[in-house]
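Student: I have a model open and would like to talk it through with you. Could we go step by step?

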Amino acid sequence: MNEQSRKALYDTALEWTYESGKHIREKMENTYNVDIKAHQHDLVTDVDRSVEQFFRDRVKKSFPAHRIMGEEGLGENVEDLKGTVWIIDPIDGTVNFVHQGCYFAVSVGIFHNGEPVAGIVYDVMADEMFSALAGKGLWLNGKPLPQLADTSIDEALLSFNNGWMMKDRRLEELVRQSRGIRSYGAAALEMAYVACGRIEAYISFNLAPWDVAGGYVLITEAGGTVTNYTGEPLTFLKKDTLLAANASVYHTITDLLEQAGNETR
Ligand code: IPD
Ligand code: CA
Ligand code: CA
């Protein structure tokens with residue numbers, strides 16, 4: 001895909017994401033159905049489905065050869081990243097959407113033959129559009145964002161769900177050494193916050209490709225590091241753990257986790 005086509009794709013995805021946000025705000029003025037998926041932490045609404053449908057219809061009409069991997073399953077069953085693939089989370093942070101009416105995002109990651117092309121995370125209620133065009137930079141509401149600067153752990157805000165500490169007690173060391181821990185309940189937004197330097201790292205033990213695809217492009221474009229929790233590259237084809245961080249903080253975190261592991265052995 002040449003540079004011009006990549007930019008055109010990015011511009012189109014940006015336009016559709018703004019449109020999807022408008023659609024969500026309109027839908028919120030009326031009642032919508034909420035269903036429980038796997039368990040009480042996992043909700044889906046009519047709005048999630050209609051946003052995914054909106055992207056599906058647009059992509060199929062304008063780019064019939066492109067495939068879609070979406071959380072609500074309205075796209076294809078994507079098992080490889082050949083050709084152009086849109087990885088979409090129509091609403092990331094559905095529990096926040098239902099309970100709080102804010103702190104949720106539309107997330108879009110576009111890959112071509114496995115290489116990132118564009119990443120978009122839109123905080124609909126704050127009207128904050130985080131976007132990246134691979135190799136060209138990243139922007140917040142159209143303003144360029146700088147590359148992430150080195151930061152020490154004692155000046156770093158880290159984000160993870162408290163529940164993860166029950167899975168890995170070594171995370172307590174990060175609580176002790178960092179400036180503070182946050183938890184926003186929307187993976188895509190937390191990754192966008194890493195990309196723009198509002199927080200220095202985000203850790204999770206259970207995320208799907210649509211949770212991370214948009215944020216991955218943002219963070220890598222900002223010079224940050226994104227792998228799974230054991231340091232392997234993400235495949236965007238299966239659920240995985242995540243360690244996404246400012247590059248300097250990424251290294252400090254992996255060192256601290258290793259040291260904490262040695263101490264408890
Ligand atoms: C969820 C959110 C949440 C994360 C979950 C995700 P959803 O996405 O990103 O922060 O902890 O693992 O499934 O279901 O709201 O799109
Ligand atoms: Ca999600
Ligand atoms: Ca979702």
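Tutor: Gladly, and let us settle terms before we start. Helices (H or I, at least four residues) and strands (E, at least two) are DSSP runs, numbered from the N terminus. Two strands pair if DSSP finds at least two bridges between them. This is a predicted model, in which local features need pLDDT of at least 70 and side-chain atom pairs count only at pLDDT 80 or more, while totals for chains, interfaces and linings use all residues. Residues are numbered from 1 along each chain as its sequence is written, and chains are lettered from A and ligands numbered from 1 in the order in which they are written.

Student: How many bridges join β5 to β6?

Tutor: β5 and β6 run antiparallel. Within this pair, Phe 111 has Pro 116 of β6 as its bridge partner. The hairpin of β5 and β6 has 2 residues between the strands, and Asn 113 there takes a positive phi near 45°. The number of bridges joining β5 to β6 is 8.

Student: Which residue in the turn between β6 and β7 has a positive phi?

Tutor: β6 and β7 also run antiparallel, joined by 6 bridges. Across this pair, Ala 118 stands opposite Leu 133, and Tyr 122 stands opposite Met 129. The hairpin has 4 residues between the strands, and the residue in its turn with a positive phi, about 50°, is Asp 127.

Student: What is the bridge partner of Phe 130 in β8?

Tutor: β7 and β8 pair in the antiparallel sense over 4 bridges. They form a hairpin with 3 residues between them, where Gly 135 has a positive phi of about 85°. Leu 133 stands opposite Gly 137 in β8, while the partner of Phe 130 is Leu 140.

Student: Is Leu 140 partly exposed or buried?

Tutor: A residue is buried if 20 or more other C-beta atoms lie within 10 Å of its own, exposed if 12 or fewer, and partly exposed in between, with C-beta atoms placed from the backbone. Leu 140 touches Glu 128, Phe 130, Leu 145 and Cys 196, leaving out residues up to four places away in sequence; contact here requires C-beta atoms, placed from the backbone, within 7 Å. With 16 other C-beta atoms within 10 Å, Leu 140 is partly exposed.

Student: Which strands are at the edges of the sheet?

Tutor: The open sheet has 7 strands in the order β3-β4-β5-β6-β7-β8-β9, with mixed pairing. Those that pair on one side only are the edge strands, β3 and β9.

Student: What angle does helix α2 make with β4?

Tutor: Axes are lines fitted to C-alpha atoms, for helices over the stretch in contact, and angles run from 0 to 180 degrees between N-to-C directions. Helix α1 packs on the sheet against β5, β6 and β7, its direction making about 20° with that of β6. Helix α2 touches β3, β4 and β5, and its direction makes an angle with that of β4 of about 155°.

Student: Which strand supplies the largest share of the side of domain 1 that touches domain 2?

Tutor: The protein is divided into domain 1 (3-144) and domain 2 (153-264), bounds that come from an automatic or database domain assignment. Across the boundary, 31 residues of domain 1 are in contact with 25 residues of domain 2. The largest share of the domain 1 side, 6 residues, comes from β6.

Student: Why is β6 described as largely enclosed by the rest of the structure?

Tutor: The description follows from burial. β6 is largely enclosed because the number of its 9 residues that are buried is 8.

Student: How are α6 and α7 oriented to each other?

Tutor: The axes of α6 (residues 187-196) and α7 (residues 209-221) come within 8 Å and cross at roughly 5°. Angles under 35 degrees count as roughly parallel, over 145 as roughly antiparallel, 65 to 115 as roughly perpendicular and the rest as oblique. The two helices α6 and α7 are therefore roughly parallel.

Student: How many residues of α6 are buried?

Tutor: Among the α6 residues that meet α7 are Ala 188, Met 191 and Ala 195, and these three are buried. Just after α6, Gly 197 takes a positive phi of about 85°. Helix α6 is largely enclosed by the rest of the structure, because the number of its 10 residues that are buried is 9.

Key. Two residues are in contact if their C-beta atoms, placed from the backbone, lie within 7 Å.
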